[in-house]
Amino acid sequence: MQPKHAIWIFSLLLAGNGAAAVADDLYLACHAGVSIAATDVRDVFLGEKQFLNAVRLVPVDNMAAQPAFLEKVLKMNGIKYATTWAKKSFRDGVNPPAVMANDAAVLEFIRRTPGGCGYLEMEPAEGVTVIAKY
Amino acid sequence: MRHFHALVGWAICVLGSYCLTQPTFAADSRDDRVTVLEEKLDRSLKLIEQLTVRMRELEVQLANKGTAAAPAQSAAAAESSPQTQERLENVEEQLAQLTDANAARGGGGPGVPLHGFADVGIGNHNANEPELKGANVGSLDIFLNPQLGEHTRSLFELTFEVNEHGQVESDLERAQLGYQFSDAATLWIGRFHTPFGYYNTAFHHGQQIATSLRRPRFLLFEDQGGVMPNHTVGAWLTGADHLSDGKLTYDFFVGNGQAISSGSIDARAGGVDRGSAIYGGNLGYLFGDTLDGLKVGVSAFRSNISDDQQTGRITRVDNAGVYFAYDTDRFEHIGEFYRFNDSDRTLGGPAHRSSAGFLQLGWRLPLAMPYLRYERAVLDQNDNYFALQAEGMSYFRTAVGVRFDLDAKSALKLELAHTRNTDRLIEQWNDAMLDYAIRF
């Protein structure tokens with residue numbers, strides 16, 4: 001193999017290694033008994049829908065799965081998401097979702113918090129309501 | 001030469017690879033922090049285990065020192081393990097509850113979320129003080145919105161600005177406490193942005209959020225020369241209701257009637273000494289799938305306004321407006337038009353009609369966001385409401401600008417504009433300005 005070809009192949013491998021990975025499947029889950037419509041997920045995570053009847057919805061972001069969630073569900077990138085929330089927060093006095101580290105933290109939060117909703121890379125076991133799979 | 005090409009190719013690939021790896025580096029940084037926290041937690045748990053063992057040993061030693069009750073104490077020492085385990089579980093439960101409470105409150109961290117905005121500028125004219133030029137400090141805007149409970153909401157905005165004399169002034173621009181009944185209804189009480197049109201409630205004092213370098217001149221804040229009552233102190237009911245293909249938004253408000261004092265509008269945050277009031281509303285429709293991003297609406301208000309030039313005089317200001325906003329990933333187009341029909345309630349006489357409006361077109365391009373804006377205000381100078389305001393003259397302005405988002409929280413804006421005052425003091429000037437705005 002000529003050195004020039006080796007350089008190209010090595011560079012492409014390096015570039016491929018640097019690309020951010022996006023999860024295959026995403027599961028949107030809420031606290032047991034909280035059943036929001038799949039069409040409301042976008043509104044819930046952008047602060048437009050804050051209540052389900054008398055229950056206050058508490059969405060949380062999942063740091064590990066956020067890029068996939070923004071791309072697949074909210075159809076926006078991280079900058080647009082942050083800007084949207086900055087405007088919303090400044091206009092309506094509503095804070096953006098708290099950020100959890102991974103599936104385990106999100107699942108634990110959803111189980112404990114009435115109105116809690118979050119997204120997971122792994123299908124959750126019993127104890128929560130799965131709203132949608134993406 | 002082939003070596004040269006190979007080197008150039010190598011450099012391009014490495015650069016591309018570097019760019020592609022940036023998000024991963026950012027994610028790695030976050031993962032590192034999480035890892036560090038997990039390690040600290042592990043160390044803490046190990047310490048707790050060590051302390052538990054040590055405590056058990058001490059309890060056993062104390063039990064052995066006893067004489068008659070020695071067997072019973074030994075049994076108690078033996079039972080201390082499940083008790084300790086129970087205590088540990090209680091501590092863990094409390095820790096989890098604290099974590100959940102923080103998350104449920106929003107913001108993801110302990111304490112009250114603190115946000116803010118700031119901007120600085122430079123130009124041949126100050127953006128809001130055309131008689132000044134050079135570099136200027138725009139404003140420092142501190143913004144607090146602590147979440148106090150499931151239904152209670154709050155919002156405070158404290159702004160520090162430099163006036164035309166170079167002195168720092170502070171203003172409590174917004175101070176609102178609200179109760180959110182549901183998604184369809186929130187009642188705010190305090191000082192808020194008067195919900196007329198679109199611009200006044202969509203964009204606030206933080207200039208980083210707004211696309212343009214400055215607000216339309218007639219919509220400037222009261223202390224900057226705007227002629228609209230941008231702030232109201234009173235009560236505001238607002239909400240939205242989802243319909244089949246969109247969302248209906250509404251606002252109703254009532255508050256202290258403003259006063260004109262020293263040439264500018266005063267929201268009278270401390271209360272009024274007579275029965276004058278402002279009240280009005282705003283109805284809008286935000287389209288869903290078919291025209292996603294388009295909002296259209298109408299608004300109206302009536303305010304009974306006093307002034308410091310003639311005791312007891314009340315000028316009734318009737319304002320009606322229409323607006324639209326088209327905000328998508330590619331465009332931000334905004335248009336507003338207002339009609340005034342004002343009358344002197346003390347002396348009577350004919351009503352005075354005036355109008356003001358603007359059209360702003362913006363395009364979201366990959367590297368920048370250029371915008372165009374045309375403003376026009378035709379303000380009757382026989383109307384006390386405008387005649388008593390220092391900047392209440394008619395004008396038109398054309399502006400072209402561009403906004404560069406340097407990152408998610410900072411923007412650089414350039415604007416060229418031509419302004420002409422068409423009555424009272426006829427003059428015209430050209431602006432070339434730069435503004436650097438951030439949020440945090």
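Strands, like helices, are runs assigned by DSSP and numbered from the N terminus; a strand is a run of at least two residues. In the predicted model described here, B:Gly234 is found in one such run, strand E6 of chain B, which covers residues 231-243. B:Gly234 has 19 C-beta neighbours inside 10 Å and therefore counts as partly exposed, since a buried residue needs 20 or more. Leaving aside residues up to four places away in sequence, B:Gly234 touches B:Phe253, B:Val254, B:Gly255 and B:Asn256. B:Val254 lies 20 residues from B:Gly234 in sequence, yet the C-alpha atoms of the two are 5.7 Å apart in space.

Chain A contains five helices and seven strands. Read from the N terminus, the order of these elements is α-β-α-β-β-β-α-α-β-α-β-β. Of the 134 residues in chain A, 33% are buried. When contacts in chain A between residues at least 6 apart in sequence are considered, 71% of them join residues at least 24 apart.

Helix H4 of chain A comprises 15 residues, 78-92. Three residues of H4(A) are buried, namely A:Ala86, A:Ser89 and A:Phe90. These residues cover an arc of only 90° around the axis and therefore lie on the same side of H4(A). Just after H4(A), A:Gly93 adopts a positive phi of about 70°.

Note on methods. Residues are numbered from 1 along each chain as its sequence is written. Chains are lettered from A and ligands numbered from 1 in the order in which they are written. This is a predicted model: local features need pLDDT of at least 70, side-chain atom pairs count only at pLDDT 80 or more; totals for chains, interfaces and linings use all residues. Helices (H or I, at least four residues) and strands (E, at least two) are DSSP runs, numbered from the N terminus. The expected span of a helix is 1.5 Å times one less than its number of residues. A residue is buried if 20 or more other C-beta atoms lie within 10 Å of its own, exposed if 12 or fewer, and partly exposed in between; C-beta atoms are placed from the backbone. The arc is that of the directions from the helix axis to the C-beta atoms. Two residues are in contact if their C-beta atoms, placed from the backbone, lie within 7 Å.
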